[in-house]
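Here are some notes to read beside the structure, taken one point at a time.

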Amino acid sequence: MGKAKFYLGLATGLAFLACKTELKEMQEQPQRNKKEVVYQVFTRLFGNTNTNNKPWGTLGENGVGKFSDFSENALREIKDLGVTHIWYTGVPHHDLITDYSSFGISNDDPDIVKGRAGSPYAVKDYYNVDPDLADNPAERLQEFGALIERTHRAGLKLLIDIVPNHVARNYEGKSTPKGIDPFGATDDTSVEYARDNNFYYIPNTPFVVPEWQNGYLPLGGEVHMLADKKFSENPAKWTGNGSRLARPDSKDWYETVKINYGVRPDGSLDFDRLPEDYGAKGYVAHYRFWEAREVPSSWIKFKDIALFWIDFGVDGFRYDMAEMVPVEFWSYMNSHIKMKNKDAFLLAEVYDPGRYRDYIQKGKMDYLYDKVEMYDSLKHVVQGHGWTDHIPVVKKGTRDIEHHMLHFLENHDEQRIASPDFAGDAEKGKPAMVVSATMTTAPTMIYFGQEVGEPANEDAGFGKPSRTSIFDYIGVPSHQRWVNDKKFDGGQLSKEEKALRDFYKRLLNFTVQSDALMGEYRDIHFFNKDHTKNYNHRILSYVRWSAREKLIVVSNFDASDSYGFALKIPPEIIEIWNLEDGSYPLVDMLYGTVKTMRVEKGSGTVDLEMGPLESFILKIR
């Protein structure tokens with residue numbers, strides 16, 4: 001009897017500890033009850049009102065935006081668009097050609113810089129910011145700190161980039177705090193690989209500038225004292241995309257060098273692996289796992305960089321090409337960040353669907369790009385090639401991780417919707433934007449200028465039309481019309497551009513306020529294809545609901561045809577929603593029109609007339 005009591009007490013105690021541990025793991029994760037919307041802005045371009053747009057133009061010729069352009073008024077307008085987070089792209093100090101030597105900043109060599117303003121993903125100093133962005137480059141870090149304060153006062157959180165796979169070929173890290181060595185400072189350059197080297201080397205072999213092809217010349221061929229087809233680097237380092245050639249190809253990421261994370265040249269790993277069950281553990285357990293282990297030098301350096309910026313006031317990071325870095329590093333990095341700020345917003349660029357769950361579960365990422373499946377599928381439908389039938393299938397495939405898959409239709413790497421290479425008309429993106437924003441519990445992201453239909457027509461120099469250049473000093477015409485000489489009131493927008501921005505504002509504000517969009521989902525598309533006349537593969541429909549809100553979402557992706565049909569709401573949905581036979585008013589959350597749903601014998605019907613590219617988000621009143 002005594003033993004029985006002992007074992008009963010032991011079992012009870014273990015169960016209590018298990019529940020306590022489970023509760024602790026749950027408490028580690030931020031509770032997000034509403035959707036989040038990220039506004040990506042290319043910081044250098046946002047406030048530039050210069051309309052010259054000369055190919056390969058200098059800063060003086062084409063202008064540049066500043067931190068100070070993000071005024072209280074500008075940030076309030078961004079917030080009022082329906083935004084929760086702003087991603088300031090291109091903030092860390094990267095290579096550029098403008099001369100700031102009078103501020104103690106060394107000049108960069110055009111032979112290893114892409115464009116004149118430089119790639120934001122060739123970071124030269126992780127502990128400082130781009131001097132282009134400051135009114136006074138000597139006080140650029142203080143100016144960024146002031147921007148952080150303004151952003152927070154506006155009710156927004158902010159992200160900046162961390163580029164873990166590579167740094168600028170001429171990385172200096174002049175602002176690195178005392179007690180920390182910049183990347184490569186203590187490397188043994190006599191060997192190709194050592195665990196605590198930050199770079200990979202090609203011993204006894206100097207770097208050679210790529211052979212330029214297809215008529216390309218740095219700075220468009222402008223004479224420059226450093227554009228001499230030479231750059232001193234001996235021994236040569238591996239290039240950022242993994243090229244092991246001392247003379248990389250001009251299509252390689254020659255402006256960058258690859259970081260060594262303890263992955264030997266043969267691909268074997270020189271660090272401890274995470275046990276398989278750690279995918280189910282929280283960040284505290286991951287932090288404890290690494291606390292007692294030695295890790296490669298590069299891990300520590302990037303962790304220190306991230307914590308520096310968290311302490312500075314940054315609320316999270318967007319990680320460039322995260323899948324080129326071992327998932328164990330992300331476990332180490334992100335657990336350290338979450339121990340400092342459990343609400344930090346961690347977004348990663350990952351393109352391999354087969355590895356999504358590793359980077360979310362083991363790597364402790366909050367969000368990954370849903371590019372390869374959702375974005376690509378929506379783009380295909382928008383372009384008129386694909387059927388909407390594919391969209392629910394894609395969603396089903398990521399059902400277990402959907403909250404972690406950030407949706408977008410534009411970013412700095414992708415073509416603008418209004419460019420001829422995507423859709424040629426920003427209006428065609430509207431139904432896809434409704435789906436991106438409302439189909440799942442995931443956050444939504446838009447790229448500055450998307451909301452006014454920017455087509456990215458400019459030949460900027462290194463950057464070419466269809467994508468707004470991230471390499472050049474350039475203006476963004478449609479966006480500049482909204483900026484309106486820094487009034488940020490859309491005063492120069494056309495009637496069509498104003499209407500498009502109004503659509504985005506209505507949609508995004510509903511998105512961040514809706515309960516149902518963080519609730520349940522059911523596809524009704526295939527049911528209607530089988531049971532509804534005039535409903536076809538250019539239409540998409542589904543329902544979303546919570547205890548307090550019930551929604552019917554319908555979008556017409558057809559740019560030329562209207563459709564009239566009686567949308568069917570399946571009996572199982574009517575039963576779940578506990579609706580009795582009768583009539584129910586439906587209010588469109590976009591434009592306020594009112595429809596009616598009839599429920600007869602446990603089935604629902606909504607008569608709809610849908611114009612080209614029209615969407616409804618119908619809420620049961």
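1. Phe-312 counts as partly exposed at 27% relative accessibility, and Phe-308, with a relative accessible area of 23%, is partly exposed as well; here buried means under 20% relative accessible area, exposed over 50%, and partly exposed in between, with a 1.4 Å probe and protein chains only.

2. Please keep in mind that this is a predicted model, in which local features need pLDDT of at least 70 and side-chain atom pairs count only at pLDDT 80 or more, while totals for chains, interfaces and linings use all residues. Residues are numbered from 1 along each chain as its sequence is written, and side-chain values use heavy atoms, with hydrogens and water left out.

3. Both Phe-308 and Phe-312 belong to helix H7 (residues 297-312), where they sit four residues apart, about one turn of the helix; helices are DSSP runs of H or I with at least four residues, strands are E runs of at least two, and both are numbered from the N terminus. An α-helix has 3.6 residues a turn, so residues three or four places apart point the same way.

4. How are the rings of Phe-308 and Phe-312 arranged? Their centres are 6.0 Å apart and their planes at 20 degrees, so the pair is stacked, given that rings of Phe, Tyr and Trp (its six-membered ring) pair if their centres lie within 6.5 Å, with planes under 30 degrees apart counted as stacked, over 60 as edge-to-face and the rest as tilted.

5. Turning to helix H10 (residues 371-382), its buried residues include Met-374, Tyr-375 and Leu-378, and Gly-384, which follows H10, has a positive phi near 90 degrees.
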